[in-house]
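This briefing concerns salt bridges, strand pairing, helix packing and nonpolar cores in one protein model. Please consult it together with the sequence and coordinates.

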Amino acid sequence: MQWLDYSLKNPDVLTKYKTAASIGEKVLAAVSKLCVEGEKIVTICQKGDKLIEEEVAKVYRTTKLKGFSHPTTVSPSSYVTPYTPLTSDSAEANIALQPGELVKIQLGAQIDGFGSIVCDTIAVPPKDGAQDAVTGRNADLILANYYANELLLRLMMPPGLLASGTDEEKAKAAAVKPPTQSKITSLLDKVVKSYDCNLVESTTSWLFERNEIEGPKKIVIAPAEGTKGEGVPQVGEVWGVEMGVTLGSGKVKTLDQRATLHRRTTNTYILKSQTARKTLSTIQAKFGTFPFSLRQLEEEGSDTKYKVGVFDGVRSNVLRQYELVGDKDGAPVARLLTTLAITKNGITKLGAPPALDLSKYQTDKKITDEEILKILEQPLARNKGKSKNKKKKSSKKPAEAEGGNEEESEE
């Protein structure tokens, strides 16, 4: 049997990641436009899922293993985790978006098990579509999350990766120890405190692998008691990098709502009931080990018996359910999630939220910490001679921090 290389050294792997990521970005843009005052969350999620299925069907036509890496979820203002309501629950199905509310949109696609997930936070525009500039505390929150995310992306870079100079200078730069996870939290905390915001506890970035969005390495920001990260990012890896910021204290609570997001675990326990086995077989065929919404099962065959199968699956640890978590104070939360590859040329954003139009967010707060401003000025990737209009202005405003578009793939 031929051994397959599932690492980024195989150009086909990177292409599959990029294809999945481009679908995610395209659908994210479409779903963002659907988020207007009065629209029901469940309807937006359904439309988003349909778009993912349509886009996935257009590519890699002979590949059977493709589809969702994450269903479309739209989380209200104070929710931290992804939210996808059921059509069968009338209370949930009637939840509509409010003007000015900050909502988190998360979704993703996978090709041959190589998945990309993306999340963005947007302010819901009023029905007439006239979105004024965002001011006040919502502006503080969006900017705190944006700059904290920009900083975190740069802290994912292995030391010395983009170093220039003599071999000796490069070796010296590469010998620097990567920042510890407590140092990462400390730096990010300084960013968000500049805007009078707080980090959401236990915001976690994961190593991605084939058919796996929670690999053996993870970075945990502001860890809650009993949680900690593991490992450091290295060249050749793909990560899902998440940033979460709140206007509250940073503490979270489990919400008193049914968990609707699940995923298959790697456990092979044989379920006793035929109904449970049938449900599991449907899940395995359509979603593999990627997250799915109970609503998707509901729509799959409109068979209410699936609930018994899901209950048995969770009880037997064959399925994992993601509890709904929100800000403990009920305060607004902003989140971003970027899927990136670390190559010899730096950080390649595979799937990322769109660039923020900073002119739409007005605040009198700013970052003044020199160490942080210096990191924000660093590029994400090596500029390989592409002609770009480089701004020589060395402005201290973090808004001028550049570097994130020079995306080079591993050769």
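The points below are grouped by topic, after a short note on conventions.

The model is predicted: local features need pLDDT of at least 70, side-chain atom pairs count only at pLDDT 80 or more, and totals for chains, interfaces and linings use all residues. Residues are numbered from 1 along each chain as its sequence is written, and side-chain values use heavy atoms, with hydrogens and water left out. Helices (H or I, at least four residues) and strands (E, at least two) are DSSP runs numbered from the N terminus.

**Salt bridges**

- The structure contains 22 salt bridges, each defined as a side-chain nitrogen of Lys or Arg within 4 Å of a carboxyl oxygen of Asp or Glu.
- One of them joins the side chains of D49 and R295 at 2.9 Å, N to O. D49 belongs to helix 2 (residues 41-57) and R295 to helix 8 (residues 294-301), so the pair ties together parts that are 246 residues apart in sequence.
- D49 is buried, with a relative accessible area of 5%, and R295 is buried at 0%. Here buried means under 20% relative accessible area, exposed over 50%, and partly exposed in between (1.4 Å probe, protein chains only).
- R258 and D89 form a salt bridge through their side chains at 3.4 Å, N to O. This pair links distant parts of the chain, 169 residues apart: R258 sits in the loop between strand 8 (252-254) and strand 9 (261-264), and D89 in the loop between strand 1 (66-75) and helix 3 (90-93). R258 is partly exposed, with a relative accessible area of 36%.
- K183 and E371 meet in a salt bridge at 3.2 Å, N to O. Their positions, K183 in helix 6 (residues 181-193) and E371 in helix 10 (residues 370-376), are 188 residues apart. K183 is partly exposed at 33% relative accessible area, and E371 is partly exposed at 35%.
- A network of salt bridges links R137, D140, D364 and K365.

**Strand 5 and its partners**

- Strand 5 (residues 203-208) is mostly covered, with five of its six residues buried.
- Strand 5 pairs with strand 6 (residues 218-221) in the antiparallel sense over four bridges; two strands count as paired if DSSP finds at least two bridges between them. In this pairing W206 stands opposite K218.
- Strand 5 also pairs with strand 7 (residues 238-246) in the antiparallel sense, over three bridges. L207 stands opposite W239 in strand 7.

**Helix 6**

- The 13 residues of helix 6 should span 18 Å at 1.5 Å a residue, and its end C-alpha atoms are 18 Å apart, which agrees. The expected span is 1.5 Å times one less than the number of residues.
- Q181, I184, T185, L187, L188, V191 and V192 are buried in helix 6. Viewed down the helix axis, the buried residues fall within an arc of 165°, so they line one face of helix 6; the arc is that of the directions from the helix axis to the C-beta atoms.

**Nonpolar cores**

- The largest nonpolar core has 45 residues, and those with the most contacts inside it are Y147, L151, L188, I221, W239, M243 and I367. Such a core is a set of buried Ala, Val, Leu, Ile, Met, Phe, Trp, Tyr and Cys residues joined through side-chain atoms within 4.5 Å.
- The largest share of this core, twelve residues, comes from helix 4.
- A second, separate core of 39 residues includes V27, A109, I283 and F292.
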